[in-house]
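Here is a short briefing on one chain and one of its residues. Please look over the sequence and structure first.

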Amino acid sequence: MSKQPLKDLAQVVRSKNAGPFEITFDMIFPDQPTYERVKTSNVITKETIANLYQIHLEDIVELVYFDQAYAINFRLNELFPQERLENEIPMVHSSTLHFSNL
Amino acid sequence: MKEIRILSPQGMLGYGYPIESLEYGLAQHPHAISVDAGSTDGGPHRLGMGVGGVSRYATKKDLKPLVIAAKKHNIPLLIGSAGGSGANLRVQWTVDILKEIAEEENIELTIAAIYADVSKEWLMTKWEQGKVTSVGSAPLLTEQAIQDTTALVGQMGVEPYLEALKEGVDIIVGGRTYDPVMTAALPLFHRMDPGLSWHIGKILECGAIAATPGTAKDGMIGMIRDDHFLVRPLHPSRKCTIQSVAAHTLYEKSHPYLLPGPGGILDLSQCKFSQEDERTVRVTGSQFIPSSQYEIKLEGVRPSGYRTVLVAGVRDPFFIHQLETIIEKVKMDVADYFPEIESSEAKLYFKYYGLNGVMGPWEKTSSEPLEVGIVIEVVAPKQELADSICAYARSVLMHIDYEGRVSTAGNLALPFAPPEFSAGQVFEFSIYHTVAVDDPLELFTMKRITLGRRKP
């Protein structure tokens, strides 16, 4: 199967803080065939995410496929640990998910 | 068939909403109006300083039509996390605004104010009893963290609201509250299905964000029935689609379909969304699993110093090429000059917008930009020291020499005079933990208040 950018497949690609200590990422696909195609391609894995964000596998708390919503969600624990001021985390919206080729 | 209709006029009190949306919503004969007024999204500062995320002006402007509508239609208005942080003084701030409205409109308002401040002594006892657990990746709670905390609230569940609804008041002004509670309260009061009640609360708490186009500056109406619920945006220019509602189910959640809250977990793994009509989505299968131990989430903050910020631009390609080396030199110079930096008593941070200002170390792509916006941030035990360090760092960065330098008149383009901004006191979350309680009401006290004109 040929490579296709995530932005051509997903309808929603976003990130947001979930409480002060976590950041959660959603990719939501427009229909079941597109979602199933991404899901069965097995491209979005913890390894992919770790590579994209240059983090360790254990920094990814969870990666969940939510079939009813045609959605993939993952969350990371620490928001820029070395950059952040103690644990003061500003609200983060939408702009931090890599649109890389799948 | 029993049906309870809840009107959620906006995602956040003070964000504004179209008045025609409110009118459409009221024409559907809602049984309650619910609105969220708070969040921790803005960081620990609001709780620490006792301020809000929206102005008093905007809060009053948004509240007034809701108060008048609730009174006219004789339905309760439920406000949660009053004043942003939901601390006691922010509940009082909201009550004061309601008092002004009651007087201006010459109406009588009965209020149930529910307070959510938590005493450190109470928490210390619970901590000693081993009843405190970290939420997610929050650090383990320590005695020091409790002692350093200057403001502490608990996120109440639905139980205090059920007590307030028994009182039959016009308005409930809740302190810090689990977001879905304001919407879920009346359906749960009328013994509607708990799974559906909590899920409709999750969707409506953000106003029309679950619609498309989505926004927190507009609202939705939810209709909960025996075995399903319907959600529809108030404004004809928006609609709910399976996609928009399903997407919202994931919004700002730690886990997409297991949503823990006070008293239990909302399990959406069996939930189904279907299109009821062009603008309405039907939801079924939401399940609430009560937990064996009732837990309250606590939010506490401690002061961590004073901040000063500088914004400067650079355009010199030689400078940009050597940015990292230059900043390292600046940091060393500042640390030499200020022992407080050397000892980590004060902290100096740099951000580079145009390079990796948004993503920080998570940034993977790199290319040399045309311009870079540099933000210097200093946090120190005193404002004056933070100001001094920031000004000194600016002077070093302005005139520092580097390989191939030709711009000898100064390295920075400063957009503002004065270049530094004293940003005031800084806080951090010291407590983000759950505590096991025997009684869901034990932390929260209610006060009945009558405002405005007395009935003859």
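**Chain B and Ser430(B)**

In chain B, residues 24 or more positions apart account for 77% of the contacts (heavy atoms within 4.5 Å) with a separation of 6 or more. This is a predicted model, where local features need pLDDT of at least 70, side-chain atom pairs count only at pLDDT 80 or more, and totals for chains, interfaces and linings use all residues. Residues are numbered from 1 along each chain as its sequence is written, chains are lettered from A and ligands numbered from 1 in the order in which they are written, and side-chain values use heavy atoms, leaving out hydrogens and water.

**Chain B overall**
- Chain B has 14 helices and 19 strands; these are DSSP runs, with helices (H or I) of at least four residues and strands (E) of at least two, numbered from the N terminus.
- Its C-alpha atoms fill a box of roughly 80 × 50 × 50 Å along the principal axes.
- Of its 456 residues, 57% count as buried, meaning under 20% relative accessible area with a 1.4 Å probe, protein chains only.

**Ser430(B)**
- Ser430(B) sits in strand E18, residues 420-436.
- Is Ser430(B) buried or exposed? Ser430(B) is buried, because its relative accessible area is 9%.
- Beyond neighbours within four places in sequence, Ser430(B) contacts Leu141(B), Ala145(B), Thr149(B), Gly300(B), Val301(B) and Arg302(B).

Methods: Buried means under 20% relative accessible area, exposed over 50%, partly exposed in between (1.4 Å probe, protein chains only).
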